[in-house]
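Have the viewer open and follow along.

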Amino acid sequence: MIFLIEYNRSEGQIVTSRDFDDSQRLEAENSRLEIELDLNRKGVDHEVVLLEAASKDALQRTHRRYFVDLHQLLKSGSGQDV
Amino acid sequence: MIKNAFSKTQIDRLGDRLKGDPHTESDLRLLDDYRRSFGEAYEAVIRTIRQRGEFPTGRLAKSTFSIVEKLRRESIRLSQMQDIAGCRVVVANVVEQEHFVASLRIDFPRASVIDRRDKPSYGYRAVHIIAEISGKPVEIQVRTALQHLWAELSEKSSDVLDPTIKYGGGTDSWRSFLTSSSEAVAAYEKGAAVHEVFETSYSKTVGAHEKVEKATAELLERHIPDHEVQEIRGKLEDSTRKIKRLKQRIEESREEKVRLWTVNADLLNKMISWLDERRLRGQKQ
């Protein structure tokens, strides 16, 4: 699956997100470009990222930063069982 | 239509323009075309990794935001950037990391390997492999679960607290937390690897001991000469002593592993308290 995420870094939050099938890569890339052009026109500094993962769960494991806050990240680490 | 051939000069000039602000629409479109030209190389790398049974999260192309940030921060030219396309694999521990990196070295024999585990970059530890397909570099990040957690803490705190944290900036207290945590993770992972070596050695020794015990029982039924019986019994006693020693080492290394983990968990808890205090003071999280 392909995931298109618009992320506000300073707020640490996703602004918009959209999922695409693997077969829709061109559409996903075009959508990313459109969002970037639109943000540029508005003078908004958001990160627009296109990621490909086996599932949303897999994406949330490898790119947790987009989905959880700093507190949750720290707690996920301190609560680990070794 | 995507243009696949870009001259180095054309790309570096684009990079120079992107350092400034605002960006023109034609520059953003040119950058997008350039990024898309990494598509085939990216696909080839992802296919190879999947054949190894791993399912990486791929980043089809670096975001404009990150490219511009990197161009402004470093003296790198756009045509030299090796992480325009890339992917990330998170494995359980350093033993798995070693195995996976070794398999990537076989799959991509001419790839360059950047091992940041012993020489971390601002605390960041991982192994990066830069595979090159038809002249296009693709970065493969291989992180253990703990290296990954640390990297995400560094990135997230750079997002919401101070963008310079990732590169050694930020408040003294937060920088100190991150540095200490990176060192604690490294120490824990070394300790855990030692423990795993003892565990593996123990199970192999026990397996071999059981085979010798079985063979001995069979030999004794055949009434072999006394000196041979004594020799076999001596070997069995040696093996029993070895098992006992290994058991002791496993226990010691387990205790050390837990102790090393506690160091990092304490640091993470301190960081949580630090954030809670900021929250109480109404500061940004």
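Predicted model: local features only at pLDDT ≥ 70, side-chain atom pairs only at ≥ 80, totals over all residues.

Strand 3 (residues 47–52) of chain A and strand 1 (57–61) of chain B pair in the antiparallel sense, and three bridges hold the count.

Eight strands make up an open sheet with mixed pairing, and the order is 2(A)-1(A)-3(A)-1(B)-2(B)-5(B)-4(B)-3(B). What sits at the edges? Strand 2 (13–20) of chain A and strand 3 (112–115) of chain B are the edge strands, each pairing on one side only. On average, neighbouring strands of this sheet are turned by 20° against each other, if you ignore direction.

Over in chain B, strand 4 (residues 127–133) and strand 5 (residues 136–144) run antiparallel and are joined by seven bridges. Here B:Ile130 is the residue that stands opposite B:Glu139 in strand 5 of chain B. Helix 6 (residues 145–160) of chain B lies across strand 2 (85–91) and strand 5 of chain B, and it runs at about 105° to strand 5 of chain B.

Chain A is quick to read through. Its secondary structure comes to three helices and three strands, and from the N terminus on the elements go β-β-α-β-α-α. Taken along the principal axes, the C-alpha atoms of chain A fill a box of roughly 45 × 30 × 10 Å.

How many residues of chain B are in contact with chain A? There are 36 of them, and they meet 34 residues of chain A. The elements giving two or more residues to chain B's side are helix 2 (25–36), strand 1, helix 4 (64–73), strand 2, helix 6 and helix 8 (226–280) of chain B. Helix 8 of chain B gives the most, with nine residues. By class, this side of chain B has 17 nonpolar, nine polar and ten charged residues.

Next, a helix pair inside chain B. The axes of helix 1 (residues 8–19) and helix 2 of chain B come within 11 Å and cross at roughly 130°, which means that helix 1 of chain B is oblique to helix 2 of chain B. The crossing of helix 1 of chain B past helix 2 of chain B is left-handed. On the helix 1 side of chain B the contact is made by B:Ile11, B:Leu14, B:Arg17 and B:Leu18, while helix 2 of chain B brings B:Asp27, B:Leu30, B:Leu31 and B:Tyr34. Sorted by class, the residues of this contact are six nonpolar, no polar and two charged.

Finally, step back to the domains of chain B. Domain 1 covers 10–27 + 38–144 and domain 2 covers 173–280. The centres of domain 1 and domain 2 of chain B, taken over C-alpha atoms, are 35 Å apart. Seven residues of domain 1 of chain B are in contact with eight residues of domain 2 of chain B. The domain 1 side of that contact in chain B has three nonpolar, three polar and one charged residues.

Note on methods:
Residues numbered from 1 in each chain as written. Chains lettered and ligands numbered in written order. Domains from an automatic or database assignment. Contact = placed C-beta atoms within 7 Å. Nonpolar A, V, L, I, M, F, W, Y, C, P; charged D, E, K, R; others polar. Pairing = 2+ DSSP bridges. Helix = DSSP H or I, 4+ residues; strand = E, 2+ residues; numbered from the N terminus. Axes fitted to C-alpha atoms, helices over the stretch in contact; angles between N-to-C directions. Parallel < 35°, antiparallel > 145°, perpendicular 65-115°, else oblique. Left-handed = near helix turned anticlockwise from the far one by under 90°.
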